[in-house]
Amino acid sequence: MIIGTPLFSNATKILLLGSGELGKELILEAQRLGIECVAVDSYQNAPAMQVAHRSYIVDMKDGDALREIIEKEVPDYIIPEIEAINTETLIEMEEFGNIVVPNASATKITMDREAIRRLAAEKLNLKTAKYEFAESLDELKDAVSKIGMPCVVKPIMSSSGKGQSIVKSEKDIEKAWNHATSSARGIGTKVIVEEFIEFDYEITLLTAKTEEGIKFCPPIGHIQIDGDYHESWQPHPMSEETLIRAQDMAYKITSMLGGRGIFGVELFVKGDEVIFSEVSPRPHDTGMVTMITQNMSEFEIHLRSILGLPVDIKLITPGASHVIKSDIYKWAPQYDISDAMMVPNTKIRIFGKPLAKIGRRMGVALASADDIETARENAKKCAHAVEIK
């Protein structure tokens, strides 16, 4: 692998589509290797923009605008970081010889809950929750009656729990419909209705598709609140037999999607049964814990996999992460981290988002320890000690 010099004609260049906290960490890894970085998002001063060589502000669902940036920059790699992207344009640009990570088809399939669920359940025969689709309130009512209550309603195009709700009674159905359709990231109003699974725990299995083959990071346990990541820890304890089932499931779905890079495969575990939930063809928010637990973080693994470089998935210590959320609405907030930095064996990552909103993820606390229980407690203590004002 030969890397040029940033800002010169021989530069190796990445175009990052989406500039949130995950993209910021990816660009920091790319900067360390001397890669020229261009960040794109819909608002000014997004986290990854703050560490990129230059940036663009555009609605990435606008295919013409997206195409114009790609043709102007001529990147070596186009790396999607979010779901709200015009995937038809990515497919078109890939046909013209651009490299999309992991590929344009995988990006399109995984952002569409209908497409990925049908691929997993109907083509690969993976165990999933029972599901139905609906394109109107009446269809949603029929779907809920087929699945039964409680059930989960989600937009087919969204992420991080946006638009998701649990239907426990008939009075919840219209509210769930309105919430899902108003929060969707794509075009249209289609929703998925899923069986509510009483699982024992859920994991993210970071699956790296590398030049050396497929590698699995140790399983990451996590807790979500309202469908959004709240805390995670690594390694999550599970039997060898169950772990092998999880790895087999991740192997099948990522092999079918193709390409290189890291995939976040989300799985439910009930007893020894593994149930497929979702997959993201990029670093995963629960995987931020790898910044303190692994020899290589998920971001370094993603970049190295893309470039065809050797990848190490070794765990160096048990650890945990806990989100730092805002409880105020404020432009250009300030952070008092004095007390948080007193918690032993912890680190803080402030994302630098220009706008704090109530409940918005503004940073993450990381902790290492001899066991995950201590790490979780210290990460929580550190995160809660950060004062946003």
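Predicted model: local features only at pLDDT ≥ 70, side-chain atom pairs only at ≥ 80, totals over all residues.

Trainee: In which sense do β5 and strand β8 pair, and over how many bridges?

Mentor: Strands count as paired once there are at least two bridges between them. Here β5 and β8 (residues 191–195) are joined by four bridges, in the antiparallel sense.

Trainee: What is the order of the strands in the open sheet?

Mentor: Follow the pairing from strand to strand. The order is β5-β8-β6-β7, four strands with antiparallel pairing. From one strand to the next, the twist averages 30°.

Trainee: Which helix packs on the sheet?

Mentor: That is helix α6 (residues 137–147), which touches β5, β6 (151–155), β7 and β8. The direction of α6 makes about 15° with that of β8.

Trainee: Now for Thr 204: does it count as buried or exposed?

Mentor: Buried means under 20% relative accessible area. Thr 204 has 0% relative accessibility, so Thr 204 counts as buried. This residue is found in strand β9 (residues 201–210).

Trainee: Which side chains make polar contacts with the side chain of Thr 204?

Mentor: Look for N or O atoms within 3.5 Å. The side chain of Thr 204 has such a contact with that of His 222 at 3.2 Å, and another with that of Thr 286 at 2.8 Å. Beyond four places away in sequence, Thr 204 also touches other residues, including Pro 219, Ile 220, Val 265 and His 284.

Methods
Residues numbered from 1 in each chain as written. Heavy atoms only, no water. Helix = DSSP H or I, 4+ residues; strand = E, 2+ residues; numbered from the N terminus. Buried < 20%, exposed > 50% of the residue type's maximum accessible area, 1.4 Å probe, protein only. Polar contact = N/O pair within 3.5 Å; in protein donor to acceptor, adjacent residues only side chain to side chain. Contact = heavy atoms within 4.5 Å. Axes fitted to C-alpha atoms, helices over the stretch in contact; angles between N-to-C directions.
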